[in-house]
Amino acid sequence: MMNFEYKGKMINVEAASIFYKIAMLTKYETMAILKDKYKESWTEKAESLFHQEYDHMEAFIEQPDKSQFLKVIYYGEMLKMEIGMTPEEEQHLASFSGEIYSKLGDEKQNVLAELTRQLMEID
């Protein structure tokens, strides 16, 4: 896999693929949290943008290229605008990882642990 540049930084394709696999593993738990937090602004359009972002993550995992990476970013940004997520809220969203983890069954927790191990092994 070839790495590529984005905004002056090199993107490690292997690491991005693993991050996206983790996101796919927790897709529905993440969506439930977003729906709960952004009740008033979670529209059909927001849900569509969410699914489009994840569709491009899946496409990137299957065939990593810069185009799919940029589409993930684009749809993610459009979703944040649609629901009115602030940069501070985006940073706070990372704190929900414990809540998401607790909602996963044992099998998904094991897969998550393996993906995390793989991520840590990347130079």
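Leu93 sits in helix 5 (residues 87–93), and it makes a handy starting point for a tour of this predicted model. From there we move on to the salt bridges, which come to 8 in total, and finish with a loop residue, Lys7.

**Around Leu93**
- Leu93 is partly exposed, at 24% relative accessibility.
- Leaving aside residues up to four places away in sequence, Leu93 touches Leu34 and Met85.
- Leu34 is 59 residues from Leu93 along the chain, with 8.9 Å between their C-alpha atoms.

- Glu29 and Lys108 pair through their side chains, at 3.4 Å from N to O.
- Glu29 belongs to helix 2 (residues 27–37) and Lys108 to helix 7 (residues 106–121), so this pair ties together parts 79 residues apart in sequence.
- Glu29 is buried at 13% relative accessibility, whereas Lys108 is partly exposed at 30%.

**Salt bridges within a helix**
- In helix 4 (residues 66–83), Glu77 and Lys80 are 3 residues apart, about one helical turn.
- Their closest N and O atoms are 2.7 Å apart.
- Glu77 is partly exposed at 39%, while Lys80 is buried at 15%.
- Glu77 and Lys80 also join Glu90 in a network of salt bridges.
- In helix 7, Glu121 and Arg117 are 4 residues apart, again about one helical turn, and their salt bridge spans 2.4 Å from N to O.
- Glu121 is exposed at 53%, and Arg117 is partly exposed at 36%.

**A loop residue to look at**
- Lys7 lies in the loop between strand 1 (4–6) and strand 2 (9–11).
- The phi of Lys7 is near 50 degrees, a positive value in a residue other than glycine.
- Lys7 is exposed, with a relative accessible area of 72%.

Technical notes:
Residues numbered from 1 in each chain as written. Predicted model: local features only at pLDDT ≥ 70, side-chain atom pairs only at ≥ 80, totals over all residues. Heavy atoms only, no water. Helix = DSSP H or I, 4+ residues; strand = E, 2+ residues; numbered from the N terminus. Buried < 20%, exposed > 50% of the residue type's maximum accessible area, 1.4 Å probe, protein only. Contact = heavy atoms within 4.5 Å. Salt bridge = Lys/Arg side-chain N within 4 Å of Asp/Glu carboxyl O.
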